[in-house]
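This briefing concerns the nonpolar packing and the strand pairing of one protein model. The sequence and structure are shown first, and the points follow by topic.

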Amino acid sequence: MKQMKTRSIIATLLQSAGIEQTVHGVEPINTGVTNRTSLVTLKDDTRYILREYDWPYSTSDNLHRLEKELYLHDLLLKYDVPVPSIVAHLDDGRMCAVLMEYKPGQLLGNVVDTLTEVQRDQAWRATGTALRKVHSIQLPEGCSGVVIGERVQPFEEGSWGEFHFHQAIQHASHLLKRDSGLRFDLASMKNVLKQAVPLLNESPVVLLHNDPHPWNVLVHEVAGHWTCSAWLDWEYAWAGDPAWDLVRLDLFRLKRIGPTPDAFYEGYGALPREPNRSIYEMAIYLWLANQYLDGEVDEERVLMPTYEAAMRYLEQIDESVERIGVEIEGAARQS
């Protein structure tokens with residue numbers, strides 16, 4: 001039944017795009033938590049990618065994801081960011097889907113362990129160069145927040161710094177309530193992170209991917225050189241500090257492939273600055289430690305390496321807070 005529904009969606013999208021070729025095959029690429037993605041091959045061997053928006057679209061789509069990705073893919077292409085063009089879209093009130101250009105390549109996270117050191121550096125460097133192009137884009141609103149459709153909706157907490165302060169303290173408080181064996185100094189954390197708010201608010205505000213990890217990047221070998229063929233999945237994009245993307249890219253792992261290597265930063269052209277890097281690291285680990293202990297959001301534990309790192313981080317979180325405090329003092333003296 002699901003396959004028949006998918007075939008019907010593809011037929012509608014092809015007709016909308018003015019493509020008269022019949023479908024030769026439909027191959028599921030993944031059955032992720034959020035969307036269903038399929039490789040569509042036509043009779044003449046032309047290939048497209050079908051993206052069927054699933055959760056949370058079936059209940060409410062407060063991100064207006066279809067409108068958002070149509071807008072962002074068009075914007076990114078104007079800045080020469082490697083993303084697939086969207087050739088047709090469908091939203092009939094019950095189902096939302098897009099038909100996208102097929103981009104050759106393999107997911108960076110899947111392929112890095114099979115490459116030589118030179119090839120690996122090429123792939124990572126090209127990925128960094130592409131992300132730097134993303135971070136050159138300033139959205140018209142000029143404020144930090146969540147991209148909703150074609151606009152930026154400011155965070156409910158207010159500024160970029162206030163958002164991260166409130167989120168981190170909320171996650172930390174939740175952890176202390178749920179785990180009686182967990183001990184850390186919440187008062188000191190509040191004090192240190194409150195001092196960080198003005199520093200975080202001084203960060204540049206640019207377009208963020210907000211879900212950057214090595215499995216959202218396609219890399220491809222062209223004439224013996226590895227390039228970045230696409231940055232994928234823009235439905236959760238934000239506007240904010242580019243260091244947020246860099247830290248998330250370094251921490252989120254579906255399998256153990258090591259930290260982001262120097263070659264990426266060579267391509268990107270900068271390292272995430274302190275104390276922002278350490279603050280975002282703590283915020284992410286507090287969030288994911290809660291997610292891991294909930295056991296509901298990611299039932300298949302696909303982020304297990306990151307969950308394990310988050311739980312280890314909690315063992316020395318007071319030391320991390322103290323170090324962040326020193327970094328904030330140092331940054332204040334330099335400003």
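Which residues does Leu 286 touch, not counting residues up to four places away in sequence? In this predicted model, Leu 286 touches Ala 168, His 171, Ala 172, Leu 175, Met 189, Leu 314 and Ile 317.

**Nonpolar cores**

- The largest nonpolar core comprises 49 residues.
- Leu 286 is among the residues with the most contacts inside this core, together with Met 189, Met 282 and Ile 317.
- Two or more residues of this core are given by each of the strands S7 (145-148) and S9 (206-208), and likewise by each of the helices H5 (160-178), H6 (186-201), H7 (242-251), H9 (276-294), H10 (304-314) and H11 (317-334).
- Helix H9 supplies the largest share of this core, with nine residues.
- Another core, of 36 residues, lies apart from the largest one; Tyr 71, Leu 75, Leu 139 and Leu 207 are among its members.

**The four-stranded sheet**

- An open sheet is formed by four strands in the order S8-S7-S12-S9, with antiparallel pairing.
- Strands S8 (151-154) and S9 each have a single partner strand and stand at the edges, so one side of each is left without a neighbour in the sheet.
- On average, neighbouring strands of this sheet are turned by 40° against each other, direction ignored.

**The pairing of S7 and S8**

- S7 and S8 run antiparallel and are joined by four bridges.
- Opposite Arg 151 in S8 stands Ile 148.

Note on methods. Residues are numbered from 1 along each chain as its sequence is written. This is a predicted model: local features need pLDDT of at least 70, side-chain atom pairs count only at pLDDT 80 or more; totals for chains, interfaces and linings use all residues. Side-chain values use heavy atoms; hydrogens and water are left out. A nonpolar core is a set of buried Ala, Val, Leu, Ile, Met, Phe, Trp, Tyr and Cys residues joined through side-chain atoms within 4.5 Å. Buried means under 20% relative accessible area, exposed over 50%, partly exposed in between (1.4 Å probe, protein chains only). Contact means heavy atoms within 4.5 Å. Two strands pair if DSSP finds at least two bridges between them. Axes are lines fitted to C-alpha atoms, for helices over the stretch in contact, and angles run from 0 to 180 degrees between N-to-C directions.
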